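Hi there,

Here is the structure I promised to pass on to you. Have a look at it first, and then read on for my notes.

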Amino acid sequence: QVQLVESGGGLVQAGGSLRLSCVASGSNFRINAMGWYRQAPGKQRELVASITRGGSTNIADSVKGRFTISRDSAKNTVYLQMNSLKPEDTAVYYCNADVLEYVRSREMDYWGKGTLVTVSS
C-alpha cells in the first residue's frame with residue numbers, strides 16, 4: 001500500500017506563487033509517472049502536469065509557462081511550482097502516482113486526498 005500526502009496549498013492573491021509538494025510513502029514499491037490534477041467546483045478533474053520517471057514532462061496548455069513540475073525520485077516526491085496564479089487556478093489539487101508494487105507485481109494508480117488552492121482577485 002502506498003500513501004500520497006500533498007502539502008503547500010493555501011490562499012494567495014492573483015499574481016502570486018505557491019509550491020505544492022507530494023510525498024509517497026510505503027514499502028516495496030517504485031514510482032513510475034507522477035502528476036498533478038485539479039478539480040474546480042462544478043468542473044471535472046483535469047490534468048495539470050505530469051512527469052515520467054525519466055523526467056519527461058507534460059504540461060496543460062492552461063498553465064504552460066506559469067507552472068513547473070519536478071520530482072526527486074530519491075525522496076519519492078513531486079513538486080508543482082505555480083507562478084503568476086490566476087483566480088481560475090482555484091481548485092483542489094490532487095497528486096497522482098503510477099506505482100509498481102513489487103510484492104504483487106502489478107501497477108496501481110494512487111491518489112492523494114488533495115490540497116486546496118484559492119487565488120483571490
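**The nonpolar core**

The largest nonpolar core contains 32 residues, and those with the most contacts inside it are Trp36, Leu80, Met82 and Tyr93. A nonpolar core here is a set of buried Ala, Val, Leu, Ile, Met, Phe, Trp, Tyr and Cys residues joined through side-chain atoms within 4.5 Å. At least two residues of this core come from each of β1 (2-7), β3 (18-26), β4, β5 (46-51), β7 (67-72), β8, β9 and β11 (115-120). The largest share, five residues, is supplied by β9. Strands are DSSP runs (E, at least two residues), numbered from the N terminus. In soluble globular proteins, nonpolar side chains tend to be buried together.

Before going further, please keep in mind that this is a predicted model: local features need pLDDT of at least 70, side-chain atom pairs count only at pLDDT 80 or more, and totals for chains, interfaces and linings use all residues. Residues are numbered from 1 along each chain as its sequence is written, and side-chain values use heavy atoms, with hydrogens and water left out.

**The disulfide**

The count comes to one disulfide, defined as a pair of cysteine sulfur atoms within 2.5 Å. Cysteine 22 is joined to cysteine 95, with an S to S distance of 2.1 Å. The pair links distant parts of the chain, since cysteine 22 is in strand β3 and cysteine 95 in strand β9, 73 residues apart. The torsion about the S-S bond is about -85°, so this disulfide is left-handed. Both cysteines are buried (buried means under 20% relative accessible area, exposed over 50%, partly exposed in between; 1.4 Å probe, protein chains only).

Cysteine 22 also turns up among the contacts of threonine 77, along with Val23, Met34, Ser70, Arg71 and Asp72, leaving aside neighbours within four places in sequence. Threonine 77 sits in strand β8 and is buried, at 5% relative accessible area.

**Salt bridges**

There are five salt bridges in the whole structure, each a side-chain nitrogen of Lys or Arg within 4 Å of a carboxyl oxygen of Asp or Glu. Arg38, Glu46, Arg66 and Asp89 are linked in a network of them. Within it, arginine 38 meets glutamate 46 at 2.7 Å, N to O, and aspartate 89 at 2.9 Å, N to O. Aspartate 89 lies in the loop between β8 (77-82) and β9 (91-101) and arginine 38 in strand β4 (residues 29-39), so this pair ties together parts that are 51 residues apart in sequence. Aspartate 89 and arginine 38 are both buried, whereas glutamate 46 is partly exposed at 36%. Another salt bridge joins lysine 64 and aspartate 61 at 3.1 Å, N to O; aspartate 61 is exposed, at 67% relative accessibility.

**The aromatic pair**

One aromatic pair is found. Rings of Phe, Tyr and Trp (its six-membered ring) pair if their centres lie within 6.5 Å, with planes under 30 degrees apart counted as stacked, over 60 as edge-to-face and the rest as tilted. The rings of tyrosine 37 and tryptophan 111 have centres 4.9 Å apart and planes at 65°, so the pair is edge-to-face. Tyrosine 37 is in strand β4 and tryptophan 111 in strand β10 (residues 106-111), 74 residues apart. Tyrosine 37 is partly exposed at 23% relative accessibility, and tryptophan 111 is partly exposed at 35%.

Best wishes

Methods:
Helices (H or I, at least four residues) and strands (E, at least two) are DSSP runs, numbered from the N terminus. Contact means heavy atoms within 4.5 Å.
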